[in-house]
Amino acid sequence: MDNRVNDFTQGGVTYMMKKIPGYIGVCLLLLAILAGCSETQPSEQPIVKETETANTITVAVDGSTFLPDATKSIKRDFSEGLTLKKALLNSGLVDFTADGKRIQSVGEVSLDSSLSWAVKLNGKDIEQEDWDMELHAKDEVIIYVKAADSGGDGVAYQTTLLKVSGGNIMPTLNRQYAGVYVQECTVRDVLKSSGIVRMSENNKFVVSVENVTPRMNERWVIMVNDKELMENGLDMKLNPRDAVKLELTNAS
């Protein structure tokens, strides 16, 4: 073989051997850059999440044993100067009495005189005169039900529920009233104690509910746990957490 060919071959191999370490270095550099980019992406997510948490407050309803179905929790944006009362109103859950001193209802649930709505801020009970206190970011407001007789701490109260529905006739009428369950109470007892039902003089018929008196072709239907009562059903004895419902319907 020509010596020039050998010299060329040997020279080419020598040249490639010198270049290989350079290629390896470039590849390692690229891998390091790519690894660095992939590591920075996940670290951005918790920062955004933490920022969102820092600028919110929590408003929760704790139905406990009184109204377990009413339990819920929502978050609202925090802004400087936000008061406790404003936060409750902004939640969309709370309505105050006309004088603005007490909570009248939460959601669509009102309470009879045996129960009352109470509020805790970060685990501490709040008095009515503190409605205008300013909140801070991350504060937690809890609305709960307590017995009007505060001496019953630690007692697991049971309730009865009175639901009022305007049906297709008055679809905007949709309320609930909760009260402490009294042993041996009847449907009539619940209607009379609610304060929103007017009975006939002999206490056998419902005359009006929420000041709504049926027209000639309408009537208030009474149900217990979604089952319509017979004519003498007002004497039916209730169990804890039974739901009495009054619904305005067309007379048959």
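Guide: A definition comes first: two strands pair if DSSP finds at least two bridges between them, where strands (E, at least two residues) and helices (H or I, at least four) are DSSP runs numbered from the N terminus. This is a predicted model, in which local features need pLDDT of at least 70 and side-chain atom pairs count only at pLDDT 80 or more, while totals for chains, interfaces and linings use all residues. Residues are numbered from 1 along each chain as its sequence is written, and side-chain values use heavy atoms, with hydrogens and water left out.

Visitor: Which residue stands opposite K120 in strand 7?
Guide: Strand 6 is also joined to strand 7, residues 124-125, by 2 bridges in the antiparallel sense. These two strands form a hairpin with 2 residues between them, and N122 in the turn has a positive phi of about 50°. The residue of strand 7 that stands opposite K120 is D125.

Visitor: How many residues of strand 6 are buried?
Guide: Buried means under 20% relative accessible area, exposed means over 50%, and partly exposed lies in between, with a 1.4 Å probe and protein chains only. By that criterion strand 6 is mostly covered, and of its 7 residues the number buried is 5.

Visitor: Which element gives the most to the lining of the largest pocket?
Guide: On a 1 Å grid over the protein atoms alone, a pocket is an open set of points where a 1.4 Å probe fits, with protein on both sides within 12 Å along at least five of seven lines, and lining residues have an atom within 4 Å of a point. About 460 Å³ of space lies in the largest pocket, the volume being the space filled by probe spheres set on points joined across faces, edges and corners. Of its 23 lining residues, the closest to the centre are R102, I103, S116, W117 and Q128. The most, 5 residues, comes from strand 6.

Visitor: Which strands stand at the edges of the open sheet?
Guide: The open sheet is formed by 8 strands in the order 3-4-5-10-9-15-13-14, with mixed pairing. One side of each edge strand is left without a neighbour in the sheet, because each has a single partner strand, and these are strand 3 and strand 14.

Visitor: What separates the C-alpha atoms of T58 and E140?
Guide: T58 lies in strand 1 and is buried, with a relative accessible area of 13%. Leaving aside neighbours within four places in sequence, T58 is in contact (heavy atoms within 4.5 Å) with residues including D139, E140 and V141. Although T58 and E140 are 82 residues apart along the chain, their C-alpha atoms are separated by 4.7 Å.
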